[in-house]
Amino acid sequence: RVSASSLRAQPSNSVKIITAHHQDDLVETILMNLIRGTGWRGLVPMSAADIVRPLLDYSKAELVSYAIKNKLQWVEDATNYSAKYFRNRVRSAVATLPPDFRRQILELNQNQTILRTEIEQILIANDLQLAGAENFLIEDLLGLPENVAAEVLRAITHKMLTTPQLKRLKNQLKTAKSGDIIEAGGNLRLGIYQGRATVSSLS
């Protein structure tokens, strides 16, 4: 049962969207991302700061049971049962997941959420001024913890590179010499000069 406190009004200067996503939706999305070969970001879906999802702690079965018990009516989208859609096929699998496996997925989500928070805190604490910069000291980037460095490099390259491209670029920066030009992919190149890297577009 959802308590009134979980739906507290937001400050007047912020606008929030409230959705009815539940725990099964979260598990489905994580499994879909894992099947597609996600990075750590795909393990923390439904975490946008401007969207409130007060039902994520409740399974679909719990919500349906509550609705039936309290004689509530709801509308089912007919397409929810079509095997034509990838999410629906995953949904069918989620419905039969062993409790232990489901718990492991939720624990994975929780652990990655903590990791994301730690990354954000490190970025704020160091006031790096790297994210979004087009010119940066390579040693500043390489001196960061692995996951933090990956996030900063993703921001520096305007989120235009895939995870494999980011890993390759980070390795290239480790051995780059003054005068080198690195073709990073995503229509980007990095010029190296005296320990600094400058990001530019190929077009």
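Student: Which side chains meet in a salt bridge with R189, and how should I read such a contact?

Tutor: Side chains of opposite charge can pair when their charged atoms come close. The term salt bridge is used here for a side-chain nitrogen of Lys or Arg within 4 Å of a carboxyl oxygen of Asp or Glu. In this predicted model, the side chains of E183 and R189 form one, at 3.5 Å from N to O. Local features here need pLDDT of at least 70 and side-chain atom pairs count only at pLDDT 80 or more, whereas totals for chains, interfaces and linings use all residues of the predicted model. Residues are numbered from 1 along each chain as its sequence is written, and side-chain values use heavy atoms, with hydrogens and water left out.

Student: Where do E183 and R189 stand in the strands?

Tutor: Helices (H or I, at least four residues) and strands (E, at least two) are DSSP runs numbered from the N terminus, and two strands pair if DSSP finds at least two bridges between them. Strand β4 (residues 181-185) runs antiparallel to strand β5 (residues 188-193), and 4 bridges join them; E183 stands opposite R189 in β5. The two strands form a hairpin with 2 residues between them, and G186 in the turn has a positive phi of about 60°.

Student: What is the bridge partner of R189 in β6?

Tutor: That partner is S200. Strand β6 (residues 196-201) is antiparallel to β5 and joined to it by 6 bridges, and in their hairpin, again with 2 residues between the strands, Q194 takes a positive phi near 50°.

Student: Are E183 and R189 buried, exposed or partly exposed?

Tutor: Buried means under 20% relative accessible area, exposed over 50%, and partly exposed in between, with a 1.4 Å probe and protein chains only. E183 counts as partly exposed because its relative accessibility is 43%, and R189 likewise counts as partly exposed, at 30%.

Student: How many salt bridges does a search of the whole structure find?

Tutor: The search finds 7, and one of the pairs is E28 with R91, at 3.0 Å from N to O. E28 lies in helix α1 (residues 23-35) and R91 in helix α3 (residues 86-95), so the pair ties together parts that are 63 residues apart in sequence. E28 is buried, at 2% relative accessibility, while R91 is partly exposed at 21%; E28, R87 and R91 are linked in a network of salt bridges.

Student: Which helix holds both R103 and D100?

Tutor: Both lie in helix α4 (residues 99-126), 3 residues apart, about one turn of the helix, and the closest N and O atoms of their salt bridge are 2.9 Å apart.
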